[in-house]
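Take a look at the model below. This report walks through a few of its parts in turn.

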Amino acid sequence: MNDDTEAPVTPSTVSGAPVTVLGLGLMGQALARAFLAAGHRTTVWNRTPAKAEALAAEGAYRAATVTEALGASPLTVLCLTDYHAVHDLLGTAGPALSGTTLVNLTSGSSDRAREAADRFGGHGARYLDGAIMAVPPVIGTAEAVVLLSGPQPDFATHEPALAALGTLAHLGTDPGLASLYDAAGLTMMWAVLNAWLQGTALLETAGVDATVYAPFAQQMATGVAGWLPGYAEQIARGSFPAEVAALETDARSMDHLIEEAVSAGVNAELPRLFKAMADRAIARGRGGEQYPVLIEEFRKP
Ligand code: NAP
């Protein structure tokens, strides 16, 4: 059959490795669809069976039980609300876990990921933990970044199948790493968004529309992002010479931010937080050093 006449993927054209998806919420359905689209024999199971109907019509095999679903494929992808749900679901799976590889894409903390690796490993399962840095509509495209951590050989074995989901990043053998990177990435996302909203609220008081400010904000965020590798080297060396500006100079600018926010009548919590952290570092004698010296404040509980 040449390319012009090739049929769309249907159960009869499925040729990829068998894959099971447990949990068919918004994300789980997107994951299952991506496996189907890539030609994998895809077995699905969901607590509320009706959510499997559309996928079954698209070619997925509906398992009647979790045990059947686990036995259908060497690789099972989990995508549930949280780790309580994962333990509820697999807590009684027992021998059905032996020899299977679980890829848990449920969101949670690094400690929950390590606990799950220990628990399911104790039942003879191989275990990779993961975090999805994407929304369901982009799953199956390169835009969907899927972070994974756990034993490298298990990642290597299942990488070809998992690649159907998007762009994979294996971060290391510690199963908690994917969750930690996820937390770091989300912190970055909310920090940038909150900083942008602060500026937007400030400029609105002078009649500047959010759409006018957005390109300037984007340029600032991109420019600052360019400083990160050099600043990271200072953190790695533990040495923070003020090559560009000293922290005490930055702290004086932070006073201006607070003054602007207060006089404009907008929220001043964010600039006050910046200033409070800088002041603590300055009180410890770090005012003459460069901004990344604040890592010492972030390292504290
Ligand atoms: P969702 O639509 O609320 O689906 C939750 C799924 O968990 C459903 O299949 C639900 O089954 C199942 N579930 C919950 N408790 C269960 C239990 N005790 N036993 C068995 N199944 C149980 O959530 P979602 O959007 O798919 O998100 C799933 C995971 O992906 C979450 O950890 C989320 O943080 C992560 N994630 C989501 C997105 C996103 O944009 N949606 C992005 C990144 C990461 P029922 O259908 O029977 O209720």
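A residue counts as buried when its relative accessible area is under 20%, as exposed when that area is over 50%, and as partly exposed in between. The model is a predicted one.

**Around β2**

Strand β2 has partners in β1 and β3. Strand β1 (residues 16–22) runs parallel to β2, and five bridges join the two. Strand β3 (residues 61–62) also pairs with β2 in the parallel sense, over two bridges. Helix α1 (residues 26–37) belongs to this region too: β1, α1 and β2 make a right-handed β-α-β unit.

Two bridge partners in these pairings are listed here.

| Residue | Bridge partner | Strand of the partner |
|---|---|---|
| Thr 20 | Thr 43 | β2 |
| Val 44 | Arg 62 | β3 |

In a regular strand, side chains alternate between the two faces of the sheet.

**A nonpolar patch**

Which residues form a nonpolar patch on the surface? They are Met 189, Trp 190, Leu 193, Trp 196 and Leu 197. Together they have about 470 Å² of accessible area. Leu 197 lies in helix α7 (residues 177–204). Is Leu 197 buried or partly exposed? Its relative accessible area is 44%, so Leu 197 is partly exposed.

Technical notes
Residues numbered from 1 in each chain as written. Predicted model: local features only at pLDDT ≥ 70, side-chain atom pairs only at ≥ 80, totals over all residues. Heavy atoms only, no water. Pairing = 2+ DSSP bridges. Helix = DSSP H or I, 4+ residues; strand = E, 2+ residues; numbered from the N terminus. Right-handed = clockwise from strand over helix to strand, strands pointing away. Patch = residues over 30% accessible without salt bridge, like charges linked within 9 Å, V, L, I, M, F, W, Y side chains within 5 Å. Areas by Shrake-Rupley, 256 points an atom, 1.4 Å probe, with all protein chains shown as cover. Salt bridge = Lys/Arg side-chain N within 4 Å of Asp/Glu carboxyl O. Buried < 20%, exposed > 50% of the residue type's maximum accessible area, 1.4 Å probe, protein only.
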